[in-house]
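Subject: Structure handover

Hello,

Here is the structure you asked about. Please open it alongside this email; my notes follow below.

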Amino acid sequence: MSDIRENLQNIRKQLPKHVTLVAVSKTKPVADLMQAYEAGQRIFGENKIQEMTQKWEQMPKDILWHMIGHVQTNKVKYMAPYVDTIHAVDSLKLLKEINKQAAKHKRIIKCLLQIKIAEEDTKFGLSISDAIDLMDSKEIAKLENIKITGLMGMATFTENTTQITQEFEQIKNFFHLLKNKKETISTLSIGMSGDFPIAIACGSTMVRVGSSIFGARNYQL
Ligand SMILES: *Cc1c(COP(=O)(O)O)cnc(C)c1O
């Protein structure tokens, strides 16, 4: 059995049924993704639009592609024909562009609002109050080719599990608040290789796991 297949099986064993696994395949070759595909994986996450599009072109068409990286508005058009979910949405401007490009293809693209929960300045995302304003804005209601299905967050990169738990609890509480207001909200995308068990304990419904499936990446992105 290949390592990738074995790693996938190990991770799946740790996931409750209601938690969806996004296999984060950034920087990895198509041959590696195909091993995961052959082991039954159908959801892949990438953080660069060009790389994701190249892989989409080469791979079976029943794959659901998730864009998990920061998105530049002018590049949305390249993934609009096929992307299933965009995880790191953090502005009305970006939502409008996704809506416009999705409409050209008569599609509805699922979007998650990225919430800033980490201490580090480098992590993108909205504050909770900005996310509330965005959800309440009249303009958002007019966007018919996007569907905001939930929230995404990244905890601080630290060994301090108390801190990680606190950060995940923040986004979880906001998630439940939103979920009670809007029926389209169902996804809480938190948890990566290093912290997904904590994220699951904090109510994650979607984990984004890369290196624990495909091995360490050769370069930092
Ligand atoms: C790379 C990446 C992941 C996966 O990270 P691993 O630690 O390799 O599991 C998850 N989410 C985002 C946004 C990423 O960029």
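Which residue has an N or O atom in its side chain 2.7 Å from an oxygen atom of the ligand? That residue is K26. Please keep in mind throughout that this is a predicted model.

Ligand site

A polar backbone atom of G210 lies 2.8 Å from an oxygen atom of the ligand. For S211, a polar backbone atom is likewise 2.8 Å from a ligand oxygen. On its own, the ligand would expose 390 Å², and the protein buries 89% of that area.

The residues surrounding the ligand are as follows:

- V24, K26 and I68 are among them.
- M152, M154, M192 and S193 also belong to the list.
- R208, V209, G210, S211 and R217 complete it.

Sorted by class, this shell consists of six nonpolar, three polar and three charged residues.

Helix packing

I looked at two helix pairs. Helix α1 covers residues 3-14 and helix α2 covers residues 30-38. Their axes are 9 Å apart, and the two helices pack at an angle of about 50°. An angle of that size is neither roughly parallel nor roughly perpendicular, so α1 and α2 count as oblique to each other. The crossing of α1 past α2 is right-handed.

The other pair is α6, residues 128-136, and α8, residues 161-181. Here the axes come within 12 Å and cross at roughly 15°. Because angles under 35 degrees count as roughly parallel, α6 is roughly parallel to α8. α6 also passes α8 in a right-handed crossing.

Backbone

T27 sits in the loop that runs between β1 (20-24) and α2.

K106 is another case: its phi is near 50°, again a positive value in a residue other than glycine. K106 is found in the loop between α5 (92-104) and β5 (109-115).

If you want one place to begin, begin with the ligand and K26, where the distance from a ligand oxygen to a side-chain N or O atom is 2.7 Å.

Regards

Terms used
Residues numbered from 1 in each chain as written. Predicted model: local features only at pLDDT ≥ 70, side-chain atom pairs only at ≥ 80, totals over all residues. Heavy atoms only, no water. Near = heavy atom within 4 Å. Polar contact = N/O pair within 3.5 Å; in protein donor to acceptor, adjacent residues only side chain to side chain. Areas by Shrake-Rupley, 256 points an atom, 1.4 Å probe, with all protein chains shown as cover. Nonpolar A, V, L, I, M, F, W, Y, C, P; charged D, E, K, R; others polar. Axes fitted to C-alpha atoms, helices over the stretch in contact; angles between N-to-C directions. Helix = DSSP H or I, 4+ residues; strand = E, 2+ residues; numbered from the N terminus. Parallel < 35°, antiparallel > 145°, perpendicular 65-115°, else oblique. Left-handed = near helix turned anticlockwise from the far one by under 90°.
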